[in-house]
Amino acid sequence: MNFLAMDFETASSEPWSAVSLGLTIVRDNQIAQNWYSLIKPETSFSYWNTEINGLTADDVLDSLKFPEVWADIKNLYDDYPVVVGHNVRFDNNVLKQTLKYYGLKTPRYLSLDTVSLSRKFQPGMVNHKLDTVVSDLGLFLEHHHNASDDAQASAQILIYEIEHFGEERVKDFVKLV
């Protein structure tokens, strides 16, 4: 299966406050490439968000704003029309709201949530948080709440589920965004 795993971190509770984005490209169920960018949002930083992801306004002072980042990656959403994430509704909303904020066109793509997959295929887990799922499946996550590492972890989860339960069963969870 070919897909794009996506993870955003935000500067605040504002859904258009994307501060970092990690993308993992998967071809034939193999991680082919990782991409990461810091983003300079046009909003203030929340103490709580900084506590979670560790990113401050100083960290992104010289970073590109989202439209410039989007220009470099928007074709990936055409090339890999299945976008995966752990609690992907959050990431889909950040993408949609950030694009709307800047007046950019929202791509149409299929989406798959690895939280839903883990709940279905591993119902006995104590919880289905990203770090728990990765640990219970024997996968690797270096820095939780780093967009690049979280995107890679989501990709690993989907690859694991495909290998253990089959691509057809996994495809039942794909939804149009």
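Buried means under 20% relative accessible area, exposed means over 50%, and partly exposed lies in between, with a 1.4 Å probe and protein chains only. The model is predicted, so local features need pLDDT of at least 70 and side-chain atom pairs count only at pLDDT 80 or more, while totals for chains, interfaces and linings use all residues. Residues are numbered from 1 along each chain as its sequence is written, and side-chain values use heavy atoms, with hydrogens and water left out.

**View 1. Ser-63 in the loop between α1 and α2 (66-73).** Ser-63 counts as buried because its relative accessible area is 18%. Not counting residues up to four places away in sequence, Ser-63 touches Leu-38, Ile-39 and Lys-40. Contact here and in the other views means heavy atoms within 4.5 Å. Helices (H or I, at least four residues) and strands (E, at least two) are DSSP runs, numbered from the N terminus.

**View 2. The whole chain.** The chain has eight helices and six strands, in the order β-β-β-α-α-α-β-α-β-α-α-α-α-β along the sequence. Its C-alpha atoms fill a box of roughly 45 × 35 × 25 Å along the principal axes. The radius of gyration is 16 Å, which agrees with the value near 16 Å for a compact globule of 177 residues. That radius is taken over C-alpha atoms, and the globule rule is 2.2 Å times the number of residues to the power 0.38. Of the 177 residues, 48% are buried. Among contacts with a separation of 6 or more, 66% are between residues 24 or more positions apart.

**View 3. The largest pocket, with a volume of about 380 Å³.** Of the 18 lining residues, Asp-7, His-86, Asn-87, Phe-90 and His-145 are the closest to the pocket centre. Two or more lining residues come from each of β1 (3-10), α1 (47-53) and α4 (88-101); β1 gives the most, with four. By class the lining has five nonpolar, eight polar and five charged residues. Ala, Val, Leu, Ile, Met, Phe, Trp, Tyr, Cys and Pro count as nonpolar, Asp, Glu, Lys and Arg as charged, and the others, Gly among them, as polar. On a 1 Å grid over the protein atoms alone, a pocket is an open set of points where a 1.4 Å probe fits, with protein on both sides within 12 Å along at least five of seven lines; lining residues have an atom within 4 Å of a point. Grid points are joined across faces, edges and corners, and the volume is the space filled by probe spheres set on the points.

**View 4. Aromatic pairs, of which a search of the whole structure finds nine.** Tyr-47 and Trp-48 form an edge-to-face pair, 5.0 Å centre to centre with 80° between the planes. Both Tyr-47 and Trp-48 are exposed. Tyr-77 and Tyr-109 form a tilted pair, 5.6 Å centre to centre with 55° between the planes. This pair links distant parts of the chain, with Tyr-77 in helix α3 (residues 76-79) and Tyr-109 in the loop between α4 and β5 (110-113), 32 residues apart. Tyr-77 counts as buried because its relative accessibility is 0%, and Tyr-109 counts as buried because its relative accessibility is 3%. Ring pairs link Phe-8, Phe-66, Trp-70, Tyr-77 and Tyr-109 into a cluster. Rings of Phe, Tyr and Trp (its six-membered ring) pair if their centres lie within 6.5 Å; planes under 30 degrees apart count as stacked, over 60 as edge-to-face and the rest as tilted.

**View 5. Pro-81 in the loop between α3 and β4 (82-85).** Pro-81 counts as partly exposed because its relative accessible area is 40%. Leaving out residues up to four places away in sequence, Pro-81 touches Tyr-109 and Leu-110. Between Pro-81 and Leu-176 the C-alpha to C-alpha distance is 9.8 Å, across 95 residues in sequence.

**View 6. Helix α6 (130-137) and Pro-123, which lies in the loop between α5 (114-121) and α6.** The buried residues of α6 are Leu-130, Thr-132, Val-133, Val-134 and Leu-137, and their cover includes α5 and α7 (147-165). Just after α6, Gly-138 has a positive phi of about 75°. Pro-123 counts as exposed because its relative accessibility is 61%. Apart from neighbours within four places in sequence, Pro-123 is in contact with Ser-118 and His-128. Pro-123 and Val-133 are 10 residues apart in sequence and 11 Å apart in space, C-alpha to C-alpha.
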